[in-house]
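Subject: The structure you asked about

Hi,

Here's the structure to open on your screen. Have a look around first, then read on for what turned up.

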Amino acid sequence: MGMPNESIETSIAPKGVGSDSARSERLSILAKLLRRPELGALSGVILVYIIFYCLAGSSGMFTLRGMTEILQVSAEIGILATTASLLMIAGEFDLSMGSMIGFAGVIIGLGSTVYHLPLYLAIVLALVICAAIGALNGWLTVRTGVPSFIVTLASMLILRGEAISDTRAINGYTQISNITEGDPDSSAISLFGGNAAQSLFSWMAHHHWIDANQAGDPSVAGIPASILWWVALTAVATWVLMRTRFGNWIFAVGGDKTSAINVGVPVDRVKIVLFMLTAMSAVLFAAIQIMQVGSADTLRGTQKEFDAIIAVVIGGTLLTGGYGSPIGAFLGALIYGTVQMGIVYTRSDADRFKVFLGVMVLLAVLFNNYIRRRATQAR
Amino acid sequence: MKYRRAGLLGGFVLNACLVLASAHAEDVIKIAVVTHSQSSDSYWGVVKKGVDDAAKLMRVNVSYDAPQTTDMVAMSRLIDAAVTQKVQGLVVSIPDAAALRKSLKAAVDAGIPVIAIDSGKDEVDKLGLKLYVGTTSYFDQGLLAAKRLMAAGVKKAVCANHEPGNLVNESACDGLKKGMDGNADRLEISLDPTDTATRMNAYLSAHPEVTGILALGAPPASNIIAALRKRGVIGKYKIGNFDVSGDTLSALSNNELLFSFDSQQYLMGYLPIVMLTLNAKFGLMPISNIYTGPNPVTSQDRDKIATLGKKGMR
């Protein structure tokens, strides 16, 4: 930890961030900002909010409640996107994240309802098992040379099937209800599914600074835990990527694998750890939804792996690896979550939902690329 | 110069926004429909047709939303969004009450009248919803199917379940068994035609005493009929099914199918919009559940139903 490894820094300059360190000192702060991968995504966020302000400005979307809901949806995608962005910078994919959510939910759900484990123990058990499966994904990828796209496609199918068949065999039904009722006083419920700063929100509602209902309670109880997890995870991932040796290794592995091996980067280990992280973020996602809703379903998380990858790509990370940032993924998740919920507020025909979503995603990415090209040409 | 142009452009955008926004803020009654399945599904497509027709007639602004996958958390977020929009009425299907309870409670607490359709009959009283529009329980439909099969001379029947583990389907099979005094088996099939044919044929060869079949949907029913027709044994069996489709209607008219239970799901879309509009305008609301099915359809009703099918109402 601490100072980046000098030899790696200079010998295998990654394509994006951190390269040309001598030259960048001469650039103005503005020019430096323009070269960041997240700049395009930031412009995308602004564009999306202008569009929705026009289409749904008075619909309730821009109230405290509406924005909290949007941030909650973004947070869930963002938690997956953070670890997915690290993995994609290292040049790999994890398509099993969505199924992993269902599988982790089943472990937590059955652990709590059938085997009467305390919630924390059930969550830790899910973390351990899923991290092990993530490690297996990584090990298979680096050992066999089969693309991670295929390896994790297989585990996506296996995990979903396993979740459904195990739950039906043990529970008789593919939904697991009343998970939190076996351990109702556990602080895990508020840690993952609760709201922070509740007294502050009540106080603000009391003083009419924020919306309140007839009873005087705030329209939003507090900041949902998922949003704080999202922000914290993004901060940690950014710090690791930009300030630690492991972060340099991630760029090196995704930028040029051969040179990375030549200078002694433990390529296999880096990838395996990153696969474990994506699996563990899926467990966090599952824990958050379960603690919020109180039930698990073997179908939870369906297609979330695509949501995560879309968010990462909108955020400026290259599909080929070696370039990107967790902050970009954060903004990508914000764009995706905003579009997903914003469309509901425009009250347009839901049959066109996917058309609209597709167009918005394409616009955001094109706009993002345009801004980035302009910015990189300018230097 | 450059900055002034940018300023002008900014002003223009803002003005355009204000015009658009004010156009949206019309004083029209807003109703939201949130279901667990997309309207591209054949069953829900008919529900949506009912919603759209009623919205046009009542001149209200109705949105129809469903999660991209059958994801109850995503569905609860759509309900939350409807509450945030302060709609004057909410129509929901409730396939998993545990996952939706919190959001529905918030809607009721916000004073929004909520009508459950298709599923969620038992939640009406628990959550303080207005009423339920949909079929009677699947158990009761199973009982009714047993009555019809027995009247046609069936001594022993089989319940072909294409979604084993689906609690609702299991209870229909339980109903059939109860109605037949225990003389009903359960057979797991799927939505795949080959799979259905092999399992059904194997089962029927092993159980020659079984002469009655209940299928729990229109596609599995047509798969079973096709399989038996191919083997030339269709005349031996009395078959009933849930839901109506083009295939099942022609099977009805060929007397290959004894009856279909129609859910009349057009009414599940249409009636709640009418009721919620009247509620918003005059405070009127019926006080009990409305059952749209099972409406038994036999070969005599075939033409009438087929005409409605062409209009997208079945």
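Let's start with chain B: of its contacts with a separation of 6 or more, 73% are between residues 24 or more positions apart. Keep in mind as you read that this is a predicted model.

Of the 314 residues in the chain, 47% are buried.

**The sheet**

In what order do the strands of the open sheet in chain B run? There are 6 of them, in the order β7-β6-β8-β9-β10-β12, and the pairing is mixed. As background, strands of a sheet pair through backbone hydrogen bonds, either parallel or antiparallel. At the edges stand β7 (184-188) and β12 of chain B; each has a single partner strand, so one side of each is left without a neighbour in the sheet. From one strand to the next, the twist averages 20°.

β10(B) and β12(B) are paired in the antiparallel sense, over 3 bridges. Look for B:Asp262 there: the residue opposite is B:Asn295, in β12(B).

**A helix with a buried face**

Now find helix α10 of chain B, residues 246-253. Which of its residues are buried? They are B:Thr248, B:Leu249, B:Ala251 and B:Leu252. If you look down the axis of α10(B), these buried residues fall within an arc of 160°, so they line one face of the helix. The general idea behind this is that an α-helix has 3.6 residues a turn, so residues three or four places apart point the same way.

What do the buried residues of α10(B) pack against? Their partners in chain B are the helices α9 (218-231) and α12 (302-310), plus the strands β9 (238-242), β10 (259-262) and β12 (295-297). After α10(B) comes B:Asn255, which has a positive phi, near 60°.

Is B:Val47 buried or exposed? It is buried, with 27 other C-beta atoms within 10 Å. Leaving out residues up to four places away in sequence, B:Val47 touches B:Thr35, B:Gln265, B:Met268 and B:Gly269. Also, B:Val47 and B:Ile117 are 70 residues apart in sequence, with 9.6 Å between their C-alpha atoms.

**The cores**

The largest nonpolar core has 146 residues, and A:Ala104, A:Ile108 and A:Ala282 have the most contacts inside it. Helix α14 (residues 267-293) of chain A gives the most to this core, 18 residues. Among the residues that A:Ala104 touches are A:Ala126, A:Cys130 and A:Ala282. A second, separate core has 41 residues, including B:Val154, B:Ala157, B:Met200 and B:Ala215.

**Where the chains meet**

The contact takes 33 residues from chain A and 32 residues from chain B. On the side of chain A that touches chain B, α4 (38-56), α5 (64-89), α14 and α16 (326-346) each supply at least two residues. The largest share, 4 residues, comes from α5(A). By class, that side of chain A has 11 nonpolar, 15 polar and 7 charged residues.

Happy clicking!

Notes:
Residues are numbered from 1 along each chain as its sequence is written. Chains are lettered from A and ligands numbered from 1 in the order in which they are written. This is a predicted model: local features need pLDDT of at least 70, side-chain atom pairs count only at pLDDT 80 or more; totals for chains, interfaces and linings use all residues. A nonpolar core is a set of buried Ala, Val, Leu, Ile, Met, Phe, Trp, Tyr and Cys residues joined through C-beta atoms within 7 Å. A residue is buried if 20 or more other C-beta atoms lie within 10 Å of its own, exposed if 12 or fewer, and partly exposed in between; C-beta atoms are placed from the backbone. Two residues are in contact if their C-beta atoms, placed from the backbone, lie within 7 Å. Ala, Val, Leu, Ile, Met, Phe, Trp, Tyr, Cys and Pro count as nonpolar, Asp, Glu, Lys and Arg as charged, and the others, Gly among them, as polar. The arc is that of the directions from the helix axis to the C-beta atoms. Two strands pair if DSSP finds at least two bridges between them. Axes are lines fitted to C-alpha atoms, for helices over the stretch in contact, and angles run from 0 to 180 degrees between N-to-C directions.
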